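Please look over the structure shown here.

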Amino acid sequence: MSTDVDRAWWKEASVYQVYPRSFNDSDGDGLGDLQGIRNRADYFDELGVDVVWLCPVYDSPNADMGYDIRDYRSIMDEMGTMADWEGLLDDVHDRDMKLVMDLVVNHTSDEHAWFVESRDPDGGKDDWYIWRDGGPDEPPNNWISLFGGPAWTYDERREAWYLHLFDEKQPDLNWENPDIREAIYDMMTFWLEKGIDGFRMDAISCISKPHGLPDADTGEDWFDMDLYFNGPRIHEFMQEMAAETYENYDVMLIGETPGTDPEEAKQYYEDGVDVVVYFDHMDVTYGPGGKWSPDYVGMETLASAGDEELDEMLNTMDLADLQEAIRHWDEGVGDEWNCLYMGSHDQTRAVSRFGDDHEYHRESATLVATFLLTQRATPFLYQGDEIGMTNTDWDRDDIRDVEARGQVDILTDEHDVPYETIAPFVRNRSRDNARTPMQWDDSENAGFTDGDPWIQVNDDYDRINVERAMADPDSIFHYYRRLLDHRSESDVLVYGDTAYVLPDDEYPNVWAHRRTLGEDSVLVVLNWQAEKRDVAGIDGVDSPVLFGNYDGQTTDETTLRPYEARVYDLG
Ligand code: TEU
């Protein structure tokens, strides 16, 4: 084992993301809650993760499921009480794990007391948000929201426009105002003093807005959102935040930084952020039109396509693009560090997106696990991906995601497309797919709740559930558990440098990379397809297999089976 590495606990750690609303309901109201998470605290330990990141549990009217905060210092009623939260923190710490909290400070809810006062012309907080005067028919600039539709809403009470980069119920805070910054830093210190182990900083690259809020460039079918990200004062704010809040605490800082490239990321690292969350590897499955564009495949093609064709259209991926995304960040940040996720509460299910959620469900989910856990990056697991939860179909009325709802409205109302045509988009794009209740067992509602779940349960829960996964030593769950365990013992898997070996034309749909640290070296080969592939020509495939997702593999057998993943020990 080499010790010549720049060690940090948050590099060696694995992070497990909990979406509390959908994790476990203890009181039968159909919504997950803190006590529900506490009841399952041993589960984290059994899986072998080190950090639990909790999506927002603060008081909120839930227009964007907790990302619209009404009160930063209290817990949402449906989730429980501050005492429950403190109990959870203890439960996590008692198991030698750490707790990271979401920090949503680009915006608040429009029901936050600050905004209520800000709307009031005599409220005394008139410049706590981003307001512009003007008639009700003419928004101050051409910006559109990241969720679709205009980024400005006219407020009758104040007779002015306010900016919201996200939903209209999420007004953007005015970070130019030192009072707001101080109020946020106080709030952050409040949580740090409670003993949390880090923040996941939501949309943090959006907090500094360009001077004068100029119009964005547009074309016929595109809109340049670059103006929204990494504004002129971003690093000044980030440095001030570090100095005023977390600098003297041993915490993990995760910056969610849409619109950021590795060069920019390095500046965040200098500011004090430990890892930034990037999206490039998620975009590789979208195709040229992006996530929701109606021009993506053409609605007519979509309407007439069969299931298989649809799946191709909506979930295509070229391994070369995936490699470019990963490599861009790995090489781009140099000696700094990355994190990596294959799913989150904002994404669709990893196995449905990157694998085959039918025939090769287990094989492809474990291949994705192998990919995730063998990169030079802190791995983030999203709840349910460790048992291979899948995307599902959505009736229009069942959609809960504010983004998906907005985009569906735009497509049906402005582009006149029937919902049936868009439904495959919803199955393959909507964030609701990640938010269906955690599938604990095969009892009613997958063991998530005794009441009416707030969002539909995926009906594959009789097959895909925790109880079943834990009872089967070959399950996806146990594969994750073993590989996590392996990674935590392996300096080369955590700190080793990466050499990108494949894909290339000779081995279509095969991924390979090597990790090397001093004398230690491993080779990861992933047969990312339903066909078998002989990989005899790849240097190192005659070495002993350290790890793999098929039973009975032999090292002299160089043909990889469907979605087979192998990690070879090169010595
Ligand atoms: O997401 C920020 C962000 O960049 C989103 O545009 C993200 O790309 C989108 O949700 C993908 O569809 C964060 C949170 O993770 C998300 O859940 C919130 O809705 C959003 O901020 C607003 O707080």
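## Ligand site

The ligand is surrounded by 17 residues, and the closest are Asp-64, Asp-202, Lys-291, Asp-346 and Arg-431. The model is predicted. By class, the shell around the ligand divides into nine charged, five nonpolar and three polar residues.

For Lys-291, a side-chain N or O atom is 2.6 Å from an oxygen atom of the ligand. For Asp-202, the distance from a side-chain N or O atom to a ligand oxygen is 2.8 Å. For His-345, a polar side-chain atom lies 2.9 Å from an oxygen atom of the ligand. On its own the ligand has 490 Å² of accessible area, and the protein covers 93% of that.

## The loop at Asn-106

Asn-106 sits in the loop between β5 (98-103) and α5 (113-119). Is this residue buried or exposed? Asn-106 has a relative accessible area of 0%, so it is buried.

Its side chain makes a polar contact of 3.0 Å with the side chain of His-107.

## The loop at Asp-357

Asp-357 belongs to the loop between α13 (350-354) and α14 (361-373). Its relative accessibility is 14%, and the cut-off for buried is under 20%, so Asp-357 counts as buried.

The side chains of Asp-357 and Ser-352 are joined by a polar contact of 2.7 Å. Leaving aside neighbours within four places in sequence, Asp-357 is in contact with Val-351, Ser-352, Thr-390 and Asn-391. Gly-388 is 31 residues away along the chain, yet its C-alpha atom is separated from that of Asp-357 by 8.0 Å.

## Helix α12

At the start of α12, a side-chain oxygen of Asp-318 comes to within 3.0 Å of the backbone nitrogen of Ala-320. The buried residues of the helix are Leu-319, Leu-322, Gln-323, Ala-325, Ile-326, Trp-329, Asp-330 and Gly-332. An α-helix has 3.6 residues a turn, so residues three or four places apart point the same way. Just after α12, Gly-334 takes a positive phi of about 60 degrees.

## Backbone geometry in other loops

Two residues other than glycine have a positive phi. Asn-62 has a phi near 65 degrees. Asn-62 lies in the loop between β3 (58-59) and β4 (71-75). At 11% relative accessibility, this residue counts as buried. Leu-213 has a positive phi of about 40 degrees. Leu-213 is in the loop between β9 (198-201) and α7 (234-244). Its relative accessible area is 8%, so Leu-213 is buried.

Which residues does a cis peptide bond join? The bond lies between Leu-502 and Pro-503, with omega about 25 degrees. Pro-503 is found in the loop between β14 (497-502) and β15 (510-517).

Terms used:
Residues are numbered from 1 along each chain as its sequence is written. This is a predicted model: local features need pLDDT of at least 70, side-chain atom pairs count only at pLDDT 80 or more; totals for chains, interfaces and linings use all residues. Side-chain values use heavy atoms; hydrogens and water are left out. Buried means under 20% relative accessible area, exposed over 50%, partly exposed in between (1.4 Å probe, protein chains only). Helices (H or I, at least four residues) and strands (E, at least two) are DSSP runs, numbered from the N terminus. A polar contact is a pair of N or O atoms within 3.5 Å; within protein, one must be able to donate a hydrogen and the other to accept it, and residues adjacent in sequence count only if both atoms are side-chain atoms. Contact means heavy atoms within 4.5 Å. A residue is near a molecule or strand if one of its heavy atoms lies within 4 Å of it. Accessible areas come from the Shrake-Rupley method with a 1.4 Å probe; for residues, only the protein chains shown count as cover. Ala, Val, Leu, Ile, Met, Phe, Trp, Tyr, Cys and Pro count as nonpolar, Asp, Glu, Lys and Arg as charged, and the others, Gly among them, as polar.
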